[in-house]
Amino acid sequence: MGYSRVLIVSSLLLVFQLSTVVAKGKAIGSPIMAPAPAPGPEYTNLTDLLSVAGPFHTFLNYLVSTKVIETFQAQANNTEEGITLFVPKDSAFTSLKKPSLSNLTSEQLKSLCLFHALPHYYSLADFTNLSDVSPINTLAGGNLYSLNFTDDSGTVHLNSGWSRTKVSSAVRTTYPVAVYQVDKVLLPEAIFGTDLPPMPAPAPAPVTDIAPTADSPAADQTSKAKAPASPDSSSPSASHKMMSWGILKHLILAIGGGFLMFFL
């Protein structure tokens with residue numbers, strides 16, 4: 001009997017202690033779990049992107065042959081800065097006659113490819129600010145490998161000295177990779193020199209032949225100069241002169257005859 005009482009009392013004490021621990025746990029609160037980290041930017045395979053977009057096959061072949069595609073890939077996916085690419089169409093290379101790219105060394109060709117990228121991600125809206133801080137250095141590095149940007153009512157223009165072109169379309173604008181299509185190959189001064197080609201002469205403005213109004217003095221002078229002389233306003237013609245002389249002749253004969261009759 002005494003053993004049973006001890007067992008009951010012990011059980012009650014154990015239950016009381018457990019309830020006390022649970023109550024303290026609720027008062028303190030359960031530990032707050034840290035939120036899961038946000039997923040990083042999606043991996044972008046530049047080779048696949050340029051293969052299906054475009055046509056950018058010529059530029060992609062240069063990137064692969066010079067291994068610049070690996071530099072671009074690392075900049076795009078292994079840095080927080082991201083990358084901005086300016087990709088010429090295939091027709092930009094076929095229309096490039098002078099200077100020729102066939103005479104470039106391997107290092108010059110590599111620098112030419114790096115010249116088409118900025119070491120930072122820029123959206124289209126960012127180019128408005130870039131026009132105020134130009135020139136902007138490219139991945140090729142150095143002042144002679146810089147680009148000037150101007151924003152003309154939303155159209156982005158690029159100027160390398162040798163090349164003047166514009167962004168004709170946006171291929172990709174999702175961070176960390178921005179790819180923009182351009183109509184010309186970007187040629188740096190560091191490779192082709194500072195003896196830049198002359199600016200194309202602007203087309204002459206059409207000349208409009210504006211006739212003077214009818215009431216203006218110029219119109220009167222012009223009409224007088226161009227209009228043929230009429231018989232009424234010109235000097236007497238030959239027949240008119242002969243008629244006048246005949247009348248005068250008859251008048252003289254009549255007067256002379258009158259005098260003869262008077263004296264006779």
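**View 1. Packing of helix H4 on helix H6.** Helix H4 (residues 68–77) packs against helix H6 (residues 106–114) at an angle of about 30°, and their axes lie 10 Å apart. H4 is therefore roughly parallel to H6; angles under 35 degrees count as roughly parallel, over 145 as roughly antiparallel, 65 to 115 as roughly perpendicular and the rest as oblique. Axes are lines fitted to C-alpha atoms, for helices over the stretch in contact, and angles run from 0 to 180 degrees between N-to-C directions. The crossing of H4 with H6 is right-handed; a crossing is right-handed if the near helix is turned clockwise from the far one by less than a right angle, and left-handed if anticlockwise. Val68, Thr71 and Phe72 of H4 form the contact with Lys110, Cys113 and Leu114 of H6, contact meaning heavy atoms within 4.5 Å. The residues of this contact comprise 4 nonpolar, 1 polar and 1 charged; Ala, Val, Leu, Ile, Met, Phe, Trp, Tyr, Cys and Pro count as nonpolar, Asp, Glu, Lys and Arg as charged, and the others, Gly among them, as polar. The model is predicted, and local features need pLDDT of at least 70, side-chain atom pairs count only at pLDDT 80 or more, while totals for chains, interfaces and linings use all residues. Residues are numbered from 1 along each chain as its sequence is written, and side-chain values use heavy atoms, with hydrogens and water left out.

**View 2. Packing of helix H3 on helix H6.** Helix H3 (residues 57–66) meets H6 at an angle of about 125°, with their axes 10 Å apart. This angle makes H3 oblique to H6. H3 passes H6 in a left-handed crossing. On the H3 side the contact involves Phe59, Tyr62, Leu63 and Thr66, and on the H6 side Leu109, Lys110 and Cys113. By class, these residues are 5 nonpolar, 1 polar and 1 charged.

**View 3. The buried residues of H6.** Leu109, Ser111, Leu112, Cys113 and Leu114 are the buried residues of H6; buried means under 20% relative accessible area, exposed over 50%, and partly exposed in between (1.4 Å probe, protein chains only). They pack against H3, H4, strand E2 (117–118) and helix H8 (189–192). Helices (H or I, at least four residues) and strands (E, at least two) are DSSP runs, numbered from the N terminus.

**View 4. The surroundings of Phe86.** Phe86 lies in strand E1 (residues 83–88) and is buried, with a relative accessible area of 0%. Beyond its neighbours within four places in sequence, Phe86 contacts Phe59, His116, Leu118, Phe127, Leu147, Phe149, Leu158, Val167, Tyr180, Val182 and Leu186. The C-alpha atom of Phe86 is 9.7 Å from that of Val171, a residue 85 positions away along the chain.

**View 5. The surroundings of Asn159.** Asn159 belongs to strand E5 (residues 155–159) and is partly exposed, its relative accessible area being 27%. Residues up to four places away in sequence aside, Asn159 touches Leu147, Asn148 and Arg164. Asn148 is 11 residues from Asn159 in sequence, with a C-alpha to C-alpha distance of 5.1 Å.

**View 6. The protein chain as context.** The protein chain contains 10 helices and 7 strands. Of its 264 residues, 27% count as buried. Among contacts between residues at least 6 apart in sequence, 64% join residues at least 24 apart.
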